[in-house]
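Keep the sequence at hand as you read.

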Amino acid sequence: MSHHYSGPNIGFPRGDARLDLTDLYAFPKPGDPSKSILIVDFHPSVGVNPPGPTTSEPFAPEARYELRIDTDGDAVANITYEVRVAPVEGGGQTATLRRLEGARVKVIAEGVPVSTGHEAHVTQAGDYRFFAGWRSDPFFFDVQGTLNNFQFTSGDFFADKDICSIVLEVPNSLLGPKEVGLWARTLITDSAGGGWIQADRGARPSQTPFLAGEQNDAYLAGEPVDDARFVPVFAHALEHTGGYSPEEAKRVAEKLLPDLLRYDPKRPASFPDNGRALTDDVSDFFLEILTNGKVTGDNVGPHDDLLDEFPYLGPLHIIRSK
């Protein structure tokens, strides 16, 4: 189910919905291919385990929300866009966007109101546009069908759900001269005073179903550059679920790792070949891989509330109290 509920037992990382990274999208700006749209979604509005609504506070003030960019193909970040939010004050949160490149830190936008209503609060900051707040979740999938042995009859679980989104419009010139590797992560302050702990990370949709227990914890805390260590774990899951031979399972697992979303802004977005558009049916792609072609779709399609303009995600479904 994409990267929603990536914590233990279809729960949230560290038991906190606000730390749950759910999806990463990257596509050329419609009507202006000199810029790219980068979207990272966090904090599902409804949980599965435990079931029911999550907190109304969009982002965790004690967390860092990061989009990482590898510009030279070594699976190590060269550029980071970091978003931090202030504690709730006066009924709402504000966000600050920074760009980190080596030792250089640039504040792009500061004190931006986090959106909690139907109208999206969009900030123009030089060549950037920036949004942070609640929106309609663009991910589409029959979650209950997956849990019911791939019997897809329940419809789109996410059709009426919301998400906390960070949306950036970025000039392609600031992403580097060639294809980049993207991933996102959340970090939380260590209560023991030891700095920052990575709570969640990901790029490609639906990677965590291959993992369980300690392997899942290690994966969420890891870095793409070290992902080769998870190839045997992924391969074992593919053998078990899809009936792959050991050799074929290893070959497929090696294609899924490292966990990076490859994106060349000069080309149209189409998952899994280049970036990811909001309408790409990544769930069908995942199901076909997981089952070795035995299941090819969940009979669910893209949402009809997407916008033609920034921030591209539809208005939220439920206004949350501040």
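The model is predicted, so local features need pLDDT of at least 70 and side-chain atom pairs count only at pLDDT 80 or more, while totals for chains, interfaces and linings use all residues. Residues are numbered from 1 along each chain as its sequence is written, and side-chain values use heavy atoms, with hydrogens and water left out.

Begin with α3 (231–242) and α4 (246–256). Helices here are DSSP runs of H or I with at least four residues, strands are runs of E with at least two, and both are numbered from the N terminus. How do α3 and α4 pack? Their axes lie 8 Å apart at an angle of about 125 degrees; axes are lines fitted to C-alpha atoms, for helices over the stretch in contact, and angles run from 0 to 180 degrees between N-to-C directions. The two helices are therefore oblique to each other, given that angles under 35 degrees count as roughly parallel, over 145 as roughly antiparallel, 65 to 115 as roughly perpendicular and the rest as oblique.

In contact (heavy atoms within 4.5 Å), V231, F234, A235, L238 and E239 of α3 meet P246, A249, K250, V252, A253, E254 and L256 of α4. These contact residues divide into nine nonpolar, no polar and three charged. Here Ala, Val, Leu, Ile, Met, Phe, Trp, Tyr, Cys and Pro count as nonpolar, Asp, Glu, Lys and Arg as charged, and the others, Gly among them, as polar.

Now move on to α5 (282–290). Seven of its nine residues are buried, that is, under 20% relative accessible area, against over 50% for exposed and in between for partly exposed (1.4 Å probe, protein chains only). Among the buried residues are F286, L287, I289 and L290, and their cover includes α3 and α4. Just after α5, N292 takes a positive phi of about 60 degrees.

That brings us to the backbone. Most residues other than glycine have a negative phi, and most peptide bonds are trans. Another cis bond links L257 and P258, with omega about 0 degrees; P258 lies in the loop between α4 and β14 (261–263).
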